[in-house]
Amino acid sequence: MSENRTRQTRLFEEDQLDPSVAHETTKQSIGATASGFALVIVDIPARALSEPFAYGVPTTLKGVVSIGTCVLVPFGNRPAAGYVVELGQSLQELTGTEGLDPGRVRFISAALSDPVFSHTAPAAAQWMSQEYAAPLAECLRLFLPPGGTPRLRKDLDGSWQLVPPAIEPKQERWVYLTDHGREFEPRANAARQRQLISALACGPVTTRELRLLCPDMTSAIRSLERQGVVSVEERRAWRGNAAGTTSLSSASAQRPDQLTQGQLQALAAIDRAYEAGAGDVVLIDGVTGSGKTEVYLSAIEKVVAHGKTACVLVPEISLTAQTVGRFRSRFGEAVAVFHSRLSAGERLDQWDMVGEGRARVVVGARSALFCPMRNLGLIIIDEEHEQSYKQRSSPRYHARELAAKLAQLSGCPLVLGSATPSAEAMARSAQGEFGGVSWQRTQMLERPSGAVLPRVRIVDLRREFARGGRSIFSGALRQALLDVADRKEKAIILHNRRGFAPFLLCRECGCVPTCRHCSTALTYHEHNHSLVCHTCGETFRVRPYPAPGSACPRCKSRYLAKMGLGTQQVEHALRELLPADVEIIRMDADTTRGKDGHRRVLEAFDDAHTAVLLGTQMIAKGLDFPEVTMVGVINADYSLHMPDFRAQERTFDLLEQVAGRAGRAGGSSEVIIQTYRPDDPVIRAVAAHDRELYSEPDLAQRKEARYPPYVRLANIVAQARNPRAARACLERYMAILCRELAHTSAALAPKPGGEVEILGPNPCAIERAHDLYRYHILVKFPLTAPVPQALSRSAALSAPDRSVRLTVDVDAYDLM
Ligand SMILES: Nc1ncnc2c1ncn2[C@@H]1O[C@H](COP(=O)(O)OP(=O)(O)OP(=O)(O)O)[C@@H](O)[C@H]1O
Ligand SMILES: [Zn+2]
């Protein structure tokens, strides 16, 4: 590590300074005396800049520069913005500066801001950069106030300009009654003044709100201000505090009279992790509706009572509706909220509320981990198994891993909650330890107040087909829907088509053609009528039904059909089936656009008397509607056939979660799952609410074939207009990678039966997107091997030209 650093921490020579650099920079750099030294992460996102650089702190900036300060520095022949991540009296005190000559270090030119990030940010950003093969500056940028820092811009004439923060805090004018004002009695005919005084009787009000009350209040305010009756004060506005409020009945958290046994045990485990102060992880493995949210709320209450702060991550999708309400109902104004639908101003204000310590609880999507929490006492990740915790653009970090790192840096517990924990979390807690901290699983097997998990009925679609059933709904599902309508209750229908790779399915025997070498489902490519294996690349020609000559490879039936049916078609079918007084509410990407899309849809379902909520996988998440007594799944098999080693895990998660929406208030409830594969271990596991029925064989197979959680997996994708260019880029990358790995250690050198395995290049499952051809290689490597750094260096060294886009995704979830 330190050898690596010495190599990379570079000095810049005075003579490299270009005359075009801002005049001030040059003047200050020459002949300044150092009052100390600093390591600075230069704000230039390039893979080659993987370490901070050393600079002198001129005496003029003594005391002005601290960790987190944005500074202006000379960099090569240009100025650059950067962030101080380490400070010391002498150069030797700083990490990785062995062998540098203090006399030749260049100087920081100016300080541009107050400190902008928390003390754990530099270490976390450097860890992220190494772990996920991402440029260091790109990682650090995540920890900066959104839109709130200065940037440098090169103008057309070649000079560099300092651009101030794009977003400024906003001030609001507050009007309040003075002590004298409380006794003041306006003249009988001064109606405006009376109105104003009564509006202020309960406390200060903003001029904006007063204007809403009565548009011409200005003169009354001025006149009363002159008489000393009211005072006007400028205060910072905290935009975004109203975001996410909802009328949903389930969006408040009534404190239960009594916690369940499982809840108490979970809280005790969190207590122990808190006392240990080492960043230990507690996995709450609690069935759907077991009251995990209540555990989070109680744990946070304790932490806040100790003067600490807490951060709760929930999947983006569940943020707008119920969750925020539950947290606000318990913690009020002390809650800051982050999600992607906030405006830039709202985001900055929520950020600063956290930085100033006004907000003690942060609820947000994965990006909430970056806000400047002081005195962090607890991190919680709800629905820990969710794929959306993996960022899909660079830096491609996983929130669970970053949270574990931050917990360790802050010495606070990390709590993971789910009814369907990830294979990673299960494997680590089975081992009891991972990454130097303890991992412990605590189970919550029961729903509170006697509610039970719903009964699951499996419908075999092959039999329906044999009996002549051609409708979307089997007899059982049709009857169940009509019964719900009769009883004036609510139902949820899942029709998941997201992330869907086209495949062929025999409607008579239910078989899906799989690769004879790899046992992954073959993906259907319409344009050349072929089935392709996306693991080994083998291709089979095929003609699906109704083309003449279509035939199932197993039973030779000609009903080898291309699968695909949209939510809209299901909606039509529901409308035809059900009486007119049943509201049918569709929830998918199309109906939830806009800032309040999700909230509107869920409120409509909440308000409806008798209703069916139909949707894609977004309806499976965390919804708590007590009136839902039936859940139906149109076709459970879609995600089972994804060309992905996680296909079984994803399908189980989805089905178990959606099933868990039924019967949450007690009483009888039913789940009906339609499938062509009733004997699949995943389907049987959901039917029995018994995860191990599928996870044991699935994990055994992953271990055997070397897949996560037993190894790590990186997906390196090249995209180009010219398919040969994409492939060639990966071939070059592979050659460099092999060399880099061999350099790192003999054990990592790729060889048959070696620790590192490289597969490909092959075409991606989605072969072509946005007119670009896509190829990929997969790299499998041991959990603790320093392979990501080699992956990153190889990307920097293989320097693809502009026609090829090369991305490195470590711990990839999206293999399409
Ligand atoms: N101790 C308790 N006594 C009674 N009711 C409770 C108790 N704890 C939680 N509840 C209620 O149980 C319901 C389910 O709780 P919650 O939504 O937290 O479940 P969950 O475990 O997060 O479920 P899911 O994984 O399905 O999202 C809520 O309406 C909640 O108010
Ligand atoms: Zn294959």
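Guide: Start with the division of the chain. In this predicted model, the domain assignment of the protein chain lists domain 1 (2-163), domain 2 (171-236), domain 3 (261-449), domain 4 (451-500 + 565-701), domain 5 (502-563) and domain 6 (712-810). Domain 4 is given in two segments, 451-500 and 565-701. For a sense of scale, the centres of domain 2 and domain 6, taken over C-alpha atoms, are 66 Å apart.

Now the ligand. Domain 3 (261-449) and domain 4 (451-500 + 565-701) both contribute residues to the shell around ligand 1, so ligand 1 lies between these two domains. The shell holds 20 residues. The closest of them are P256, T288, G291, K292 and T293. Helix α10 (residues 292-305) supplies the largest share, three residues. By class, twelve residues of the shell are polar, four are charged and four are nonpolar.

One more element deserves a look: a sheet. Five strands make an open sheet, ordered β2-β1-β4-β3-β5, with antiparallel pairing. At its edges stand β2 (53-58) and β5 (110-111), each with a single partner strand, so one side of each has no neighbour in the sheet. Inside the order, β4 sits between β1 and β3. Strand β3 (residues 70-75) pairs with strand β4 (residues 78-88) over six bridges, in the antiparallel sense. Within this pair, C70 faces Y83 of β4.

How values were computed:
Residues numbered from 1 in each chain as written. Chains lettered and ligands numbered in written order. Predicted model: local features only at pLDDT ≥ 70, side-chain atom pairs only at ≥ 80, totals over all residues. Pairing = 2+ DSSP bridges. Helix = DSSP H or I, 4+ residues; strand = E, 2+ residues; numbered from the N terminus. Near = placed C-beta within 6 Å. Nonpolar A, V, L, I, M, F, W, Y, C, P; charged D, E, K, R; others polar. Domains from an automatic or database assignment.
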